[in-house]
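I opened this entry to keep track of what I looked up, in the order I looked it up.

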Amino acid sequence: MEQKLKVGILGATGMVGQRFISLLENHPWFQVTTLAASPRSAGKTYEEAVGGRWKMKTPMPEEVKNMVVMNVNDVEHVASTVDFVFSAVDMTKEEIRKIEEEYAKTETPVVSNNSAHRWTPDVPMVIPEINPEHFEVIQYQKQRLGTTRGFIAVKPNCSIQSYTPALSAWKEFEPYEVTATTYQAISGAGKTFKDWPEMVENVIPYIGGEEEKSEMEPMKIWGHIEDGVIKAADSPVITCQCVRVPVLDGHTAAVFVKFRKKPTKEELIDRLVHYKGLPQELNLPSAPKQFIQYLEEDNRPQVKLDVDYERGMGVSIGRIREDKVYDFKFIGLSHNTVRGAAGGAILCAETLVAKKYIQPK
(Lines give C-alpha, C1' and ligand atoms only; values in the text may rest on other atoms or scores of the structure.)
Protein backbone atom coordinates (compact mmCIF):
# COMPACT_ATOMS: atom_id res chain seq x y z
CA MET A 1 0.00 0.00 0.00
CA GLU A 2 1.54 3.31 -1.11
CA GLN A 3 0.13 5.40 1.74
CA LYS A 4 -1.17 4.06 5.03
CA LEU A 5 -4.81 4.62 5.87
CA LYS A 6 -5.45 6.94 8.83
CA VAL A 7 -7.21 5.07 11.63
CA GLY A 8 -9.07 6.24 14.71
CA ILE A 9 -9.82 4.11 17.76
CA LEU A 10 -13.06 4.86 19.61
CA GLY A 11 -12.83 3.71 23.21
CA ALA A 12 -9.04 3.78 23.05
CA THR A 13 -8.40 3.69 26.81
CA GLY A 14 -10.25 0.41 27.52
CA MET A 15 -8.78 -3.08 27.34
CA VAL A 16 -9.88 -3.79 23.76
CA GLY A 17 -8.81 -0.28 22.72
CA GLN A 18 -5.39 -1.01 24.21
CA ARG A 19 -5.26 -4.29 22.28
CA PHE A 20 -6.05 -2.41 19.05
CA ILE A 21 -3.16 -0.03 19.75
CA SER A 22 -0.70 -2.83 20.49
CA LEU A 23 -1.70 -4.85 17.40
CA LEU A 24 -1.62 -1.82 15.08
CA GLU A 25 1.91 -0.83 16.06
CA ASN A 26 3.97 -1.01 12.84
CA HIS A 27 0.96 -2.24 10.81
CA PRO A 28 1.86 -2.15 7.09
CA TRP A 29 -1.50 -0.69 5.96
CA PHE A 30 -2.88 1.28 8.91
CA GLN A 31 -1.54 4.23 10.92
CA VAL A 32 -3.22 5.16 14.21
CA THR A 33 -3.64 8.92 14.01
CA THR A 34 -6.58 9.56 16.36
CA LEU A 35 -7.53 8.24 19.77
CA ALA A 36 -10.97 9.00 21.20
CA ALA A 37 -12.53 8.14 24.53
CA SER A 38 -14.99 9.45 27.11
CA PRO A 39 -15.13 13.14 28.04
CA ARG A 40 -13.19 12.44 31.25
CA SER A 41 -10.19 11.29 29.17
CA ALA A 42 -10.49 13.95 26.46
CA GLY A 43 -7.77 16.60 26.46
CA LYS A 44 -5.25 14.40 28.26
CA THR A 45 -2.34 12.67 26.59
CA TYR A 46 -3.01 8.98 26.05
CA GLU A 47 -0.40 8.08 28.66
CA GLU A 48 -2.10 10.38 31.20
CA ALA A 49 -5.58 9.11 30.34
CA VAL A 50 -4.64 5.44 30.76
CA GLY A 51 -2.46 6.06 33.82
CA GLY A 52 -1.70 2.78 35.56
CA ARG A 53 -4.42 0.92 33.65
CA TRP A 54 -2.27 -0.31 30.72
CA LYS A 55 -3.18 -4.02 30.63
CA MET A 56 -1.12 -5.37 27.72
CA LYS A 57 1.96 -7.52 28.26
CA THR A 58 3.92 -5.38 25.79
CA PRO A 59 4.76 -1.73 26.62
CA MET A 60 2.59 1.14 25.46
CA PRO A 61 3.86 2.14 21.97
CA GLU A 62 5.87 5.36 22.07
CA GLU A 63 3.96 6.93 19.18
CA VAL A 64 0.66 7.00 21.11
CA LYS A 65 1.91 8.14 24.53
CA ASN A 66 1.74 11.85 23.73
CA MET A 67 -1.31 11.78 21.45
CA VAL A 68 -4.03 13.98 22.90
CA VAL A 69 -7.21 11.97 23.41
CA MET A 70 -10.28 13.39 21.66
CA ASN A 71 -13.86 13.31 22.93
CA VAL A 72 -15.57 10.34 21.26
CA ASN A 73 -18.84 12.31 21.26
CA ASP A 74 -17.30 15.02 19.05
CA VAL A 75 -18.18 12.90 16.04
CA GLU A 76 -17.60 15.36 13.21
CA HIS A 77 -14.22 16.45 14.56
CA VAL A 78 -12.94 12.91 15.16
CA ALA A 79 -14.24 11.70 11.78
CA SER A 80 -12.52 14.56 9.94
CA THR A 81 -9.10 13.27 11.02
CA VAL A 82 -9.35 9.65 9.80
CA ASP A 83 -10.16 7.37 6.88
CA PHE A 84 -12.03 4.89 9.11
CA VAL A 85 -12.44 3.95 12.77
CA PHE A 86 -12.34 0.89 14.99
CA SER A 87 -15.02 1.00 17.69
CA ALA A 88 -14.52 -0.41 21.18
CA VAL A 89 -16.58 2.10 23.16
CA ASP A 90 -17.95 1.30 26.61
CA MET A 91 -21.56 2.53 26.47
CA THR A 92 -25.06 1.09 26.55
CA LYS A 93 -26.15 -0.78 23.44
CA GLU A 94 -28.53 2.03 22.50
CA GLU A 95 -25.75 4.61 22.83
CA ILE A 96 -23.38 2.43 20.80
CA ARG A 97 -25.89 1.93 18.00
CA LYS A 98 -26.50 5.67 17.86
CA ILE A 99 -22.88 6.81 17.90
CA GLU A 100 -21.68 4.19 15.40
CA GLU A 101 -24.40 5.28 12.96
CA GLU A 102 -23.42 8.91 13.53
CA TYR A 103 -19.83 8.10 12.53
CA ALA A 104 -21.01 6.12 9.49
CA LYS A 105 -23.14 9.10 8.41
CA THR A 106 -20.01 11.29 8.33
CA GLU A 107 -18.90 8.92 5.51
CA THR A 108 -16.50 7.19 7.90
CA PRO A 109 -16.53 3.36 7.86
CA VAL A 110 -16.87 1.83 11.33
CA VAL A 111 -15.38 -1.60 12.08
CA SER A 112 -16.80 -2.50 15.46
CA ASN A 113 -15.82 -4.87 18.22
CA ASN A 114 -19.10 -4.13 20.01
CA SER A 115 -22.17 -6.35 20.05
CA ALA A 116 -24.75 -3.55 19.61
CA HIS A 117 -25.10 -3.85 15.82
CA ARG A 118 -24.55 -7.60 15.45
CA TRP A 119 -28.26 -8.20 14.87
CA THR A 120 -28.94 -5.12 12.76
CA PRO A 121 -30.16 -6.96 9.64
CA ASP A 122 -28.05 -5.05 7.09
CA VAL A 123 -24.85 -4.95 9.17
CA PRO A 124 -22.42 -7.73 8.23
CA MET A 125 -21.03 -9.79 11.13
CA VAL A 126 -17.98 -11.49 9.72
CA ILE A 127 -15.22 -14.00 10.43
CA PRO A 128 -13.24 -13.28 7.24
CA GLU A 129 -12.25 -16.91 6.64
CA ILE A 130 -15.89 -18.01 6.82
CA ASN A 131 -18.34 -15.43 5.45
CA PRO A 132 -16.59 -12.48 3.71
CA GLU A 133 -19.39 -12.48 1.11
CA HIS A 134 -21.64 -10.94 3.79
CA PHE A 135 -19.82 -7.64 3.24
CA GLU A 136 -21.94 -7.37 0.09
CA VAL A 137 -24.89 -6.34 2.31
CA ILE A 138 -23.09 -3.03 2.89
CA GLN A 139 -24.54 -1.64 -0.34
CA TYR A 140 -28.05 -1.98 1.12
CA GLN A 141 -26.99 -0.55 4.47
CA LYS A 142 -25.60 2.54 2.70
CA GLN A 143 -28.98 3.06 1.04
CA ARG A 144 -30.64 3.02 4.47
CA LEU A 145 -28.08 5.37 6.00
CA GLY A 146 -27.97 7.68 2.98
CA THR A 147 -24.19 7.34 2.66
CA THR A 148 -21.82 6.74 -0.24
CA ARG A 149 -18.79 5.69 1.79
CA GLY A 150 -19.84 5.27 5.42
CA PHE A 151 -21.07 1.98 6.89
CA ILE A 152 -20.81 -0.30 9.92
CA ALA A 153 -19.31 -3.80 9.94
CA VAL A 154 -18.87 -5.95 13.05
CA LYS A 155 -17.00 -9.01 14.19
CA PRO A 156 -18.81 -11.68 16.22
CA ASN A 157 -18.57 -12.72 19.85
CA CYS A 158 -15.18 -13.84 21.13
CA SER A 159 -16.22 -17.25 22.48
CA ILE A 160 -17.68 -18.62 19.24
CA GLN A 161 -14.27 -18.39 17.54
CA SER A 162 -13.19 -21.52 19.40
CA TYR A 163 -15.78 -23.78 17.71
CA THR A 164 -17.50 -22.02 14.78
CA PRO A 165 -14.44 -22.36 12.47
CA ALA A 166 -14.38 -26.14 13.03
CA LEU A 167 -18.09 -26.48 12.31
CA SER A 168 -17.61 -24.39 9.17
CA ALA A 169 -14.79 -26.66 8.02
CA TRP A 170 -17.16 -29.62 8.45
CA LYS A 171 -20.10 -28.08 6.60
CA GLU A 172 -20.16 -30.86 3.95
CA PHE A 173 -20.99 -33.40 6.70
CA GLU A 174 -24.06 -31.35 7.72
CA PRO A 175 -23.75 -30.84 11.46
CA TYR A 176 -27.29 -30.44 12.79
CA GLU A 177 -27.07 -30.55 16.59
CA VAL A 178 -24.30 -29.01 18.70
CA THR A 179 -23.78 -28.79 22.45
CA ALA A 180 -20.96 -26.54 23.65
CA THR A 181 -19.58 -25.40 26.99
CA THR A 182 -17.13 -22.52 26.88
CA TYR A 183 -14.55 -21.81 29.58
CA GLN A 184 -13.89 -18.11 29.21
CA ALA A 185 -10.94 -15.96 30.27
CA ILE A 186 -11.34 -12.93 32.52
CA SER A 187 -9.94 -10.56 29.88
CA GLY A 188 -13.23 -11.15 28.08
CA ALA A 189 -14.74 -9.00 30.82
CA GLY A 190 -11.99 -6.41 30.38
CA LYS A 191 -10.31 -7.57 33.60
CA THR A 192 -6.96 -8.76 34.88
CA PHE A 193 -6.40 -10.68 38.12
CA LYS A 194 -5.27 -7.39 39.69
CA ASP A 195 -8.69 -5.90 38.88
CA TRP A 196 -10.65 -9.01 39.77
CA PRO A 197 -8.97 -10.84 42.70
CA GLU A 198 -12.14 -12.80 43.47
CA MET A 199 -11.58 -14.75 40.22
CA VAL A 200 -8.38 -16.31 41.57
CA GLU A 201 -9.08 -20.03 42.23
CA ASN A 202 -12.70 -19.46 41.27
CA VAL A 203 -15.22 -20.47 38.59
CA ILE A 204 -18.39 -18.48 37.91
CA PRO A 205 -21.05 -20.49 36.00
CA TYR A 206 -22.72 -17.44 34.43
CA ILE A 207 -21.72 -14.67 31.99
CA GLY A 208 -24.57 -12.30 31.27
CA GLY A 209 -25.90 -12.56 27.71
CA GLU A 210 -23.10 -14.85 26.60
CA GLU A 211 -25.07 -18.05 26.10
CA GLU A 212 -27.60 -16.36 23.83
CA LYS A 213 -24.78 -14.87 21.73
CA SER A 214 -22.96 -18.20 21.56
CA GLU A 215 -26.07 -20.03 20.37
CA MET A 216 -27.33 -17.45 17.86
CA GLU A 217 -24.38 -15.59 16.34
CA PRO A 218 -23.06 -18.58 14.36
CA MET A 219 -26.48 -18.75 12.69
CA LYS A 220 -26.06 -15.24 11.27
CA ILE A 221 -22.53 -16.07 10.13
CA TRP A 222 -23.85 -19.14 8.27
CA GLY A 223 -26.81 -17.19 6.85
CA HIS A 224 -27.30 -15.58 3.44
CA ILE A 225 -28.24 -12.20 1.97
CA GLU A 226 -31.85 -11.91 0.85
CA ASP A 227 -33.89 -8.75 0.12
CA GLY A 228 -31.07 -6.50 1.31
CA VAL A 229 -30.61 -8.13 4.73
CA ILE A 230 -28.84 -11.14 6.18
CA LYS A 231 -31.18 -14.06 6.91
CA ALA A 232 -29.86 -16.36 9.63
CA ALA A 233 -29.40 -20.06 8.99
CA ASP A 234 -31.74 -22.46 10.81
CA SER A 235 -29.26 -25.32 11.27
CA PRO A 236 -27.39 -26.60 13.20
CA VAL A 237 -29.20 -26.08 16.49
CA ILE A 238 -26.68 -24.99 19.12
CA THR A 239 -27.13 -25.11 22.90
CA CYS A 240 -24.42 -23.57 25.03
CA GLN A 241 -23.26 -22.95 28.60
CA CYS A 242 -20.66 -20.26 29.30
CA VAL A 243 -18.42 -20.37 32.36
CA ARG A 244 -15.88 -17.79 33.60
CA VAL A 245 -12.61 -19.45 34.67
CA PRO A 246 -9.38 -18.17 36.29
CA VAL A 247 -7.45 -17.72 33.03
CA LEU A 248 -6.21 -14.34 31.74
CA ASP A 249 -6.41 -14.89 27.96
CA GLY A 250 -7.97 -17.72 25.94
CA HIS A 251 -11.45 -19.17 25.57
CA THR A 252 -11.70 -22.98 25.57
CA ALA A 253 -14.75 -24.90 24.32
CA ALA A 254 -15.87 -28.49 24.87
CA VAL A 255 -18.14 -29.34 21.96
CA PHE A 256 -20.37 -32.30 20.97
CA VAL A 257 -21.70 -32.63 17.40
CA LYS A 258 -24.23 -34.75 15.50
CA PHE A 259 -23.82 -35.02 11.69
CA ARG A 260 -26.34 -36.03 9.04
CA LYS A 261 -23.51 -37.46 6.93
CA LYS A 262 -21.27 -39.21 9.42
CA PRO A 263 -17.57 -38.55 8.75
CA THR A 264 -14.53 -40.42 9.97
CA LYS A 265 -12.14 -38.87 12.45
CA GLU A 266 -9.52 -38.72 9.72
CA GLU A 267 -11.88 -36.80 7.44
CA LEU A 268 -12.64 -34.29 10.21
CA ILE A 269 -8.94 -33.66 10.84
CA ASP A 270 -8.24 -33.37 7.12
CA ARG A 271 -10.94 -30.70 6.65
CA LEU A 272 -9.59 -28.70 9.60
CA VAL A 273 -5.96 -28.53 8.55
CA HIS A 274 -6.81 -27.79 4.90
CA TYR A 275 -9.42 -25.16 5.71
CA LYS A 276 -8.56 -21.69 4.48
CA GLY A 277 -10.41 -18.61 3.37
CA LEU A 278 -10.06 -15.29 1.61
CA PRO A 279 -7.52 -13.85 4.12
CA GLN A 280 -5.14 -16.73 3.39
CA GLU A 281 -5.67 -16.47 -0.38
CA LEU A 282 -4.98 -12.71 -0.28
CA ASN A 283 -2.14 -13.08 2.26
CA LEU A 284 -3.59 -10.26 4.37
CA PRO A 285 -1.19 -8.78 6.96
CA SER A 286 -2.98 -10.13 10.05
CA ALA A 287 -4.13 -13.43 8.54
CA PRO A 288 -2.76 -16.62 10.08
CA LYS A 289 -0.93 -18.72 7.53
CA GLN A 290 -2.68 -21.80 8.95
CA PHE A 291 -6.12 -20.82 10.26
CA ILE A 292 -6.83 -24.04 12.19
CA GLN A 293 -4.28 -26.41 13.68
CA TYR A 294 -5.08 -29.91 14.93
CA LEU A 295 -3.13 -31.17 17.93
CA GLU A 296 -2.78 -34.94 18.34
CA GLU A 297 -1.74 -35.00 22.01
CA ASP A 298 -4.44 -35.95 24.51
CA ASN A 299 -3.66 -32.93 26.72
CA ARG A 300 -3.90 -30.27 23.99
CA PRO A 301 -4.91 -27.60 23.22
CA GLN A 302 -3.82 -25.86 26.42
CA VAL A 303 -4.09 -22.15 27.10
CA LYS A 304 -0.47 -21.84 28.27
CA LEU A 305 0.91 -23.70 25.26
CA ASP A 306 -1.45 -22.79 22.44
CA VAL A 307 -3.30 -19.52 22.99
CA ASP A 308 -0.72 -17.52 21.01
CA TYR A 309 -0.80 -19.85 17.99
CA GLU A 310 -0.32 -17.77 14.82
CA ARG A 311 0.16 -14.62 16.96
CA GLY A 312 -3.22 -15.28 18.57
CA MET A 313 -5.02 -15.26 15.21
CA GLY A 314 -5.23 -19.03 14.72
CA VAL A 315 -7.62 -21.58 16.22
CA SER A 316 -6.47 -24.78 17.94
CA ILE A 317 -8.54 -27.97 17.92
CA GLY A 318 -7.79 -31.24 19.70
CA ARG A 319 -9.25 -34.42 21.17
CA ILE A 320 -11.59 -35.30 18.30
CA ARG A 321 -13.16 -38.62 19.25
CA GLU A 322 -16.35 -40.54 18.77
CA ASP A 323 -19.06 -40.08 21.37
CA LYS A 324 -21.72 -42.40 22.86
CA VAL A 325 -24.56 -39.85 22.59
CA TYR A 326 -23.37 -37.55 19.80
CA ASP A 327 -21.30 -38.53 16.78
CA PHE A 328 -18.09 -36.72 17.74
CA LYS A 329 -16.71 -34.40 20.41
CA PHE A 330 -13.70 -32.08 20.46
CA ILE A 331 -11.92 -29.29 22.34
CA GLY A 332 -11.33 -25.87 20.78
CA LEU A 333 -9.23 -22.88 21.86
CA SER A 334 -8.95 -19.31 20.60
CA HIS A 335 -7.40 -16.07 21.86
CA ASN A 336 -10.34 -13.99 22.99
CA THR A 337 -8.82 -10.49 22.78
CA VAL A 338 -6.79 -11.11 19.61
CA ARG A 339 -8.77 -13.33 17.20
CA GLY A 340 -11.91 -12.84 19.29
CA ALA A 341 -11.74 -9.05 19.54
CA ALA A 342 -9.26 -6.49 18.21
CA GLY A 343 -7.33 -8.85 15.92
CA GLY A 344 -10.53 -10.17 14.37
CA ALA A 345 -11.72 -6.61 13.73
CA ILE A 346 -8.37 -5.67 12.16
CA LEU A 347 -8.59 -8.69 9.85
CA CYS A 348 -12.14 -7.58 8.90
CA ALA A 349 -10.77 -4.12 8.07
CA GLU A 350 -7.97 -5.60 5.97
CA THR A 351 -10.54 -7.67 4.08
CA LEU A 352 -12.69 -4.56 3.56
CA VAL A 353 -9.67 -2.69 2.17
CA ALA A 354 -8.83 -5.59 -0.15
CA LYS A 355 -12.45 -5.58 -1.38
CA LYS A 356 -12.35 -1.75 -1.87
CA TYR A 357 -14.99 -0.97 0.77
CA ILE A 358 -12.47 1.10 2.74
CA GLN A 359 -10.36 3.60 0.80
CA PRO A 360 -8.64 6.91 1.63
CA LYS A 361 -11.05 9.83 2.06
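I take helices (H or I, at least four residues) and strands (E, at least two) as DSSP runs, numbered from the N terminus. This is a predicted model, in which local features need pLDDT of at least 70 and side-chain atom pairs count only at pLDDT 80 or more, while totals for chains, interfaces and linings use all residues. Residues are numbered from 1 along each chain as its sequence is written, and side-chain values use heavy atoms, with hydrogens and water left out.

**Entry: Glu 101**

I found Glu 101 in helix 5, residues 93-105. I call a residue buried under 20% relative accessible area, exposed over 50% and partly exposed in between (1.4 Å probe, protein chains only). Glu 101 has a relative accessible area of 19%, so it is buried. For contact I require heavy atoms within 4.5 Å. With neighbours within four places in sequence left aside, Glu 101 is in contact with His 117, Arg 144, Leu 145 and Ile 152.

**Entry: Pro 124**

I looked next at the loop between strand 5 (110-112) and helix 6 (138-145), where Pro 124 lies. Pro 124 counts as buried because its relative accessibility is 0%. Pro 124 and Val 154 are 30 residues apart along the chain, and their C-alpha atoms are separated by 6.2 Å.

**Entry: backbone**

Which peptide bonds did I note as cis? The bond from Ser 235 to Pro 236 is cis, with omega near 5 degrees. Pro 236 sits in the loop between strand 9 (229-231) and strand 10 (237-244). The bond from Arg 300 to Pro 301 is also cis, with omega near 5 degrees. I place Pro 301 in the loop between strand 12 (292-295) and helix 11 (303-306).

I then checked phi. Glu 174 is not a glycine, yet its phi is positive, about 55 degrees. It is in the loop between helix 7 (164-169) and strand 7 (175-184), and at a relative accessible area of 32% Glu 174 is partly exposed. Glu 201, not a glycine either, has a positive phi of about 60 degrees. Its loop runs between strand 7 and helix 8 (210-221). Glu 201 has 79% relative accessibility, so it counts as exposed.

**Entry: cores**

I define a nonpolar core as a set of buried Ala, Val, Leu, Ile, Met, Phe, Trp, Tyr and Cys residues joined through side-chain atoms within 4.5 Å. The largest has 55 residues, and Tyr 103, Trp 170 and Phe 330 are among those with the most contacts inside it. Leaving out residues up to four places away in sequence, Tyr 103 touches residues including Leu 10, Val 72, Asp 74 and Val 110. A second, separate core has 45 residues, including Leu 35, Met 56, Met 67 and Ala 153.

**Entry: whole chain**

I count 12 helices and 14 strands in the protein. The radius of gyration, taken over C-alpha atoms, is set against a globule rule of 2.2 Å times the number of residues to the power 0.38. It is 20 Å, close to the 21 Å that the rule gives for 361 residues, so the protein is as compact as a globular protein of that length. The C-alpha trace spans about 60 × 50 × 35 Å along its principal axes. Buried residues make up 59% of the 361.
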